[in-house]
Amino acid sequence: MAGGNSNYWEDLRKQARQLENELDLKLVSFSKLCTSYSSSRDGRRGDSSSDTTPLLPNSTQDRMFETMSVEIEQLLAKLTGVNDKMAEYTSTPGVTSLNAALMHTLQRHRDILQDYTHEFHKTKSNFMAIREREDLLGSVRKDIETYKSGSGVNNRRTELFLKEHEHLRNSDRLIDDTISIAMATKENMTSQRGLLKSIQSRVNTLANRFPAINNLIQRINLRKRRDSLILGGVIGICTILLLLYAFH
């Protein structure tokens with residue numbers, strides 16, 4: 001039974017090493033494909049009149065990219081399955097005495113799987129970013145060429161597009177500045193409100209401690225109210241007199 005378990009573990013290790021070797025070769029080819037894709041785009045953009053052409057058209061490279069991505073994802077899935085089987089084997093009661101060594105081996109294979117997965121996603125993301133950037137630049141170059149050599153309608157349309165783009169950028173900057181000013185004003189008002197509350201609290205404390213001050217404050221408020229009423233009455237009378245004089 002122990003020999004059968006040992007053979008099963010060795011078979012799993014062989015499968016894992018074989019998948020890791022295949023993944024290593026695939027990832028190297030995948031990285032070269034992405035590099036050649038970027039180089040071919042850069043060379044064609046740098047000298048459009050050059051006789052040098054890429055080894056593979058970009059459409060062919062795109063198809064190869066999709067095919068290799070699927071193949072690598074399948075290999076990663078298979079390697080993940082083998083690692084899961086190895087993890088199940090380490091928890092088998094009959095292999096407890098060798099558990100430390102098995103766990104060490106399993107962890108090494110897991111680290112390799114994690115590194116390959118990370119490298120694959122990183123290379124794939126870089127390729128997608130390059131392709132999107134090149135597609136965008138190609139569209140912009142096409143618009144510029146149309147603007148330079150095309151009809152007046154296309155020139156006018158491109159000019160309006162550029163003006164609208166600049167207007168949007170200016171609007172974004174203006175919105176950012178407005179938001180910054182609003183945030184600063186909010187913070188300033190919050191600080192002033194806290195300061196006024198502190199002053200009011202101190203005034204109330206003094207008024208409660210010294211009744212004479214409280215009475216004085218009340219008299220001042222009454223006098224201010226009386227002065228306001230008198231001033232309002234005078235203004236009202238003057239306004240009425242002016243209206244009577246104007247319509248007389």
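A nonpolar core here is a set of buried Ala, Val, Leu, Ile, Met, Phe, Trp, Tyr and Cys residues joined through side-chain atoms within 4.5 Å. Buried means under 20% relative accessible area, exposed over 50%, partly exposed in between (1.4 Å probe, protein chains only).

Ground rules first. I'm working on a predicted model, where local features need pLDDT of at least 70 and side-chain atom pairs count only at pLDDT 80 or more, while totals for chains, interfaces and linings use all residues. Residues are numbered from 1 along each chain as its sequence is written, and side-chain values use heavy atoms, with hydrogens and water left out.

Core. I looked up the largest nonpolar core, which has 26 residues; Leu23, Phe30, Ile72, Leu76 and Met86 touch the most other members. Helices α1, α2 (58-90) and α3 (99-149) each supply at least two of its residues, and α1 gives the most, with ten. Helices are DSSP runs (H or I, at least four residues) and strands likewise (E, at least two), numbered from the N terminus.

Met86. Setting aside residues up to four places away in sequence, I find methionine 86 touching Trp9, Leu12, Arg13, Ala16, Leu106 and His109. Contact means heavy atoms within 4.5 Å.

Leu33. I placed leucine 33 in helix α1 (residues 2-46). Leucine 33 counts as buried because its relative accessibility is 6%. Beyond its neighbours within four places in sequence, leucine 33 contacts Gln61, Met64, Phe65 and Met68. Its C-alpha sits 9.9 Å from that of threonine 123, 90 residues apart along the chain.
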